[in-house]
Structure formats: C-alpha cells, structure tokens
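Dear colleague,

I am handing over a structure that will be new to you, and I would be glad if you could look through it alongside the notes below. The notes take the helices and the sheets in turn.

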Amino acid sequence: MSSGFRTTSLLKYQINPKLYENKKLAFIIDDYTLAHKLRTPCRTMWWALIHRTKLYNVFLIPKETGGTREIRAPHPYLKRLQYRIYIKILHPLHVEMGQHVTAYRKGIGTKTAVMQHIYKCDVCDSTPPGESAKSHPCPRMGTFIKMDLKDFFHSTRKWWIEEYLTSVGYSQYVADLMAVIMTVPNLPHPKNSTLKVTGVPQGSPTSGAICNLVAAQRLDTKIIDWLNRLNNVYKLEGEWQWRYTRYADDIAITCGKNVPPYAVSATIYSLKRIIRETGYIVNDKKTKVKKRKQRKRLLGLVFNQKPNIQRKDYLALRAITHNCLNYGFESQAIRAGYDNPGTFYSWVNCKVNYVKHIHPAHGEKLSAVLNKAVELHKPNWKD
C-alpha cells in the first residue's frame, strides 16, 4: 500500500470528535454512510456529484421590483438527495436557531419578524381607541434601519458551507461531499460579473436552510454581539435596546431611542463594515432609515403598534375580490394575465389567507366576498 493511498484513507475516515457530542446530528463518516442516510446507491450518488451542473433546469422569473430572478430547479433525483439532506441533517440544526432568523422556518414568517420590532409602551397601550396618547417618551418613536444583502444565495460559497458543517461536527471529507450536493459551480460572482463562483442555487430544497445556517454563524452572531455592546455602553435595557432580525437577505435593526443622525450614520457604517468583513455585500440602494412618526415598512407590512397590510395592497385585493363577484373569475383571470382561472383563484385565495393571518378582520371580509363569488358563478374548476 502506497503512502499516498494511506494519506487519502486517513483523511476520508477521520472523524470529528464533535460528531459524538451532538446526538441530534446524523452519524456520517464517509461516502457510504452518507449514501445510506440519503437512501441511494453510493455509485449513483457519485454520478450525481460529478454531473450536477447538468442536473438543473435554469429559468428566469420576474421580480416585483423589476428585473428577473434566476431559478435553478434540480433534477428529480438530485432534488430527492437535497431534500433528504434537509430532513436528516439541516432541519434539526435549523429549528434550533434563534428567533431573529425568520425566513424558511415553519411557524415563523413575516409577521414574526415584524412583531419583534414593535416595542411595548404602557401609555400607548392604555389609551382608549380613538384618543391620542399624552406626550411621553415612547419606544415606538425610536429608530428603524433596514438593509439588504445583495445576491444572498450566490454569496454563500461552497467553502463557507464546508466550514459550517465541520464546525458542527462533520469531517472535512463529509462536509465537502454534502457541500457539493448543495451547491453548483459557475454562478455569477456577487461583486464582479466577469468572475464565477461555486455557490448555492436559488430553487433547491436545501438552499434556504443552509444559507440561513451559514449566515447565522458567520454574520448574525457578529452583528448581535456588536449591538449588545452598544446596549451595554449606553445602558439600554428592555424596550429601549437595539433589536435585530434577518429574513433571508432583509436585515432589520431597531432601537427604542430616537438616535441622532450622526449616530445613525456611524451605526450604518459599522454594520456595513461587519457585513463586508464576513464576505456579504450590502445593497446600498435598499438601505432605509425611519425615525419617530415616519411610517415603518418591513417585508411588505407596515407597523407601529401592530403589523398591518399596506392600505394600497388591501384596496387592490378588495377590488379584485369584488370584481370576481360582479364579473366572474374568467374575465379577471385574463385581466391579470392568467390563462387558467383555477390558477388565478388559487393566487387570490392565497393573498386573502395572508391578509387573514396579518389582519383577521380584514381577511374575513375578503374571504366572505370570495366565497360568495364562488357560490354565485359556480366555476367548473371547483368541482
């Protein structure tokens, strides 16, 4: 046996001691145990690893803000491998993350993210409806900073994933295998479009979870530690301290104090420095600052005392439901650009259910109109 083979063998079967300590981790030490956990032949798994660039269907979808988003849908076999990695490995780690991470998690979403930035105020809460609260220091009149990370998925490099997986307990060999399954080469570089990187595709079952886990370790911990130091230095406690949440690439930071403009600029500068040092990129065009009585928006919701749907969005959805009642689903589907009225109804129903989740009273009104439209027109696709 040659010395080269022995070196490769030792690297392959080197077990990270942390793997024994964390009982929630799937016990994987090589490619055979990984294939066993993924319920696939080892040879077939290796075929998918070697040819993974050909196992994605690439297409573009329009963004609401303009432009297009590149989606890479994996081949059914590769998708099964990624889904089993999510269930066996990523999900147990994902559910243990802090509440500040609000995207791609069951039971946690946009409303949870916004609620964390709504401060309690005894004076405002005790004021009867329709009356104005007396003048008082109110943490709801504090400072709100919103930032956006550019190319969040593509920024998550393959070696970042390997670094994370080895930190939780897997060997370098196993971490590399799993990182290969979850990434794809030749993605556009976030900073330089002429360069290519091996990163996370947008569209696979593991993308949201692994990007969350990597960002939580690589970015969130540093920002939270820095904000905690600010709270300690300026003695901010309870409803006056800095708070932080991240919904995928949307970062929100609030403070109960009305921070002076020079301090806000210094805070944003420090945050950008931390983000840049961790390897992520800030989209400067989407950096927003709101203070005092300015309307605060986050993840499509407005908030001060409670989260709510934007008025223009509610009125637009109300108009759609009433048009469905008055003119039927077929005409409204064509007007909205849908070929299939059933698909259009599903889209409207999802929108109504989301409003019901955020504002139950408004949602029930819209739902009643939509149900009445279904009863009146009796569409064939409801049979």
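Predicted model: local features only at pLDDT ≥ 70, side-chain atom pairs only at ≥ 80, totals over all residues.

On the α9 side the contact is made by Trp 159, Trp 160, Ile 161, Glu 163, Tyr 164 and Ser 167, which meet Ile 210, Leu 213, Val 214, Gln 217 and Arg 218 of α11. Sorted by class, this contact of α9 with α11 holds seven nonpolar, two polar and two charged residues.

Helix α9, which spans residues 158-168, also meets helix α10, residues 172-182, and here the two axes come within 8 Å and cross at roughly 135 degrees. That angle makes α9 oblique to α10, and the crossing in which α9 passes α10 is right-handed. From α9 the residues involved are Lys 158, Ile 161, Glu 162, Leu 165 and Thr 166, while α10 contributes Gln 172, Ala 175, Asp 176, Met 178, Ala 179, Val 180 and Met 182. The residues of this contact divide into seven nonpolar, two polar and three charged.

Turning to the sheets, there is an open sheet of four strands in the order β6-β7-β3-β8, and its pairing is antiparallel. Its edge strands are β6 (243-247) and β8, each of which pairs on one side only, and neighbouring strands are turned by 15 degrees against each other on average, direction ignored.

Within this sheet, strand β3 (residues 143-148) is mostly covered, since five of its six residues are buried. Six bridges join β3 to the antiparallel strand β7, residues 250-255, and Phe 144 has Thr 254 as its bridge partner in β7. To strand β8, residues 288-291, β3 is paired over four bridges, again in the antiparallel sense, with Ile 145 standing opposite Val 289. Strands β6 and β7 run antiparallel and are joined by five bridges, and in that pair Arg 243 stands opposite Thr 254 in β7.

Two helices lie against this sheet. Helix α11 (residues 207-233) packs on the sheet and touches β6 and β7, its direction making about 165 degrees with that of β6, whereas helix α12 (residues 261-278) lies across β3, β7 and β8 and runs at about 30 degrees to β3.

There is also an open sheet of three strands, with antiparallel pairing and the order β9-β10-β11. The edge strands here are β9 (296-298) and β11 (307-309), and each pairs on one side only, while the twist averages 40 degrees from one strand to the next. Strand β10, residues 301-303, pairs with β11 over three bridges in the antiparallel sense, and Leu 301 stands opposite Ile 309 in β11. Helix α15 (residues 341-358) packs on this sheet, where it touches β10 and β11, and its direction makes about 150 degrees with that of β11.

With kind regards

Methods
Residues numbered from 1 in each chain as written. Heavy atoms only, no water. Axes fitted to C-alpha atoms, helices over the stretch in contact; angles between N-to-C directions. Parallel < 35°, antiparallel > 145°, perpendicular 65-115°, else oblique. Left-handed = near helix turned anticlockwise from the far one by under 90°. Contact = heavy atoms within 4.5 Å. Nonpolar A, V, L, I, M, F, W, Y, C, P; charged D, E, K, R; others polar. Buried < 20%, exposed > 50% of the residue type's maximum accessible area, 1.4 Å probe, protein only. Pairing = 2+ DSSP bridges.
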